[in-house]
Amino acid sequence: MKHIKKIKIINVVGARPNFMKIAPIITAMRKEKKYINYLTVHTGQHYDREMSQLFFKQLEIPKPDINLGVGSGSHAWQTAKIMRLFESIVVKYKPHYVLVVGDVNSTAACSLVAKKLGVKVIHVEAGLRSFDNSMPEEINRILTDRISDMLFTHSYDANLNLKKEGIPNKNIFMVGNVMIDTLLRHRSKAKHGKILSQLGLNKKDYFVITLHRPSNVDVRKNLKNIINTLIKISKFKKIIFPINPRTKKNLSKWRLLTITQKYTTLTPPLGYLDFLNLMANAQGVLTDSGGIQEETTILNVPCLTLRDNTERPITVEKGTNTITNLNEVKILREIKKIISGRRKRTSAPPLWDGRSAERIIKIIKKYV
Ligand code: UD1
C-alpha cells in the first residue's frame, strides 16, 4: 500500500452461488474499514426472494448498496445489460479494483467493463477449467481470468491451469475456498433448522438432488433420462428435490412435472441454512452444481456428479465426489454402494479451512 491511502473496491454479485462466496469477503473487509472502502453491486441476475434476498439475511451480510435489476434473458441480452448499467457505476465510484467471484454471466460482464475502464480486476475462484467450451461458465471463467490482475485460486490444479495459459505466477494466489469459509461458519447454526422434520425425514435416510445445468435440463432427452433414473432410485430411498426455476419450467413444458412429483419430494429453492442442513444429513447427493461438489466434500457426504466432467477435480481426488455423467447403470451402482456403506476415504483439500477470505484481504492490502 505504497501510494494509496484507502483501497476502493467494488464487489460484484449476481446469482445465487455468488452470495456464499462474497459473504466472508465482505465480513473480512468490514474488519479492515481503515484500509478498505467497498461498495457491493448486485446485478440482479437472480431476483426471486429465495434465489437472492434470503441469502443476505441468512449469511448476515448487508444488503447490496446498488441493485442493477437486470433480470433474466438470453446470454447476450443479460451480459450487455449488465455491462451498460455497471459501466456508469464504475465511472462514478472510480474504484481501484473490481472484485468478482465465480463464473456466472455477471462475473464476466463486470470484469470486462472494469478492465476497459482501466480498473484492475480481482477474480476469486480463478483457474477452474472443465475444458468444455459448451458450458457458459467455462467461457466466463476463461474471459475473466485472462483479464484479471489478481487471481485467487482454491486448489493447486487451478494454479496449474492458469500457468499453462500464460498467467504470470506473481498474479496467482492459492488461498483456499471462500465457499467453505461460509459453510464452516454457518454449519452449527444450520443444525438447529427444522427442514428435516418439516419434510418428515430421518438422518442419513434420503438422497438430495439438484439440477440446473442447461446441458441436463434444457435438453428434453437428458432431463427425461434423469427423471427415469430418479424413479428407480426412489424404490430404495426417498429423494428430496429442491427445484431450480429453470428446471421447473422445463419439467412443466415437457409434461414431466407430475411424474417427478410422484416419485420425489419437490420443494421450492431452499435458503442457505435449510439446504446446508438437508445436505449434511443426506445419505448422498446427486447434482450438476459446482459448489455442491465442494460442500459435500467438506461435509463428508457422498456426491454423484451428473456431468461428463468437473472443473473441480480436487473433489474427486481428495473428496467424496464421483463423476457418473448421466449413465444410469453407473449411477445406480454408486447409489447401491453408498447405501451399503462402501464409501470412499476422503480428506479436506489444503486450505479449505474457513480462513480463505482473511488471506485474500491480507494479500490485497499487501500488494496494492
Ligand atoms: C445461473 C448461472 C450458473 C449458476 C446458476 C446458479 C450463468 C451463465 N449461469 O444459471 O452458472 O450455477 O445461476 O443457480 O450465469 N429465474 C427465476 N428467478 C430467478 C432467477 C432465474 O425464475 O431469481 C429463471 C428465469 O426464468 C431464467 C432462468 O431461471 O430465465 C435461468 O436463470 P439464469 O440466471 O439465466 O441461469 P441459471 O440457470 O440460474
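Predicted model: local features only at pLDDT ≥ 70, side-chain atom pairs only at ≥ 80, totals over all residues.
**Ligand shell**

Residues are numbered from 1 along each chain as its sequence is written, and side-chain values use heavy atoms, without hydrogens and water.

The shell around the ligand holds 18 residues, of which Gln45, Asp48, Glu137, Arg246 and Lys249 come nearest. By class, seven are nonpolar, seven polar and four charged (Ala, Val, Leu, Ile, Met, Phe, Trp, Tyr, Cys and Pro count as nonpolar, Asp, Glu, Lys and Arg as charged, and the others, Gly among them, as polar).

**Polar contacts and cover**

A side-chain N or O atom of Arg246 lies 2.6 Å from a ligand oxygen. For His212, a polar side-chain atom is 2.8 Å from an oxygen atom of the ligand, and a polar backbone atom of Tyr47 is 2.9 Å from a ligand oxygen. On its own the ligand has 740 Å² of accessible area, and the protein covers 88% of this (Shrake-Rupley method, 1.4 Å probe).

**Second largest pocket**

Asp132, Ser134, Ser215, Asn216 and Asp308 lie nearest the centre of the second largest pocket, which is lined by 15 residues (a pocket is an open set of points on a 1 Å grid over the protein atoms alone, where a 1.4 Å probe fits, with protein on both sides within 12 Å along at least five of seven lines; lining residues have an atom within 4 Å of a point). This lining comprises five nonpolar, six polar and four charged residues.

Notes. Near = heavy atom within 4 Å. Polar contact = N/O pair within 3.5 Å; in protein donor to acceptor, adjacent residues only side chain to side chain.
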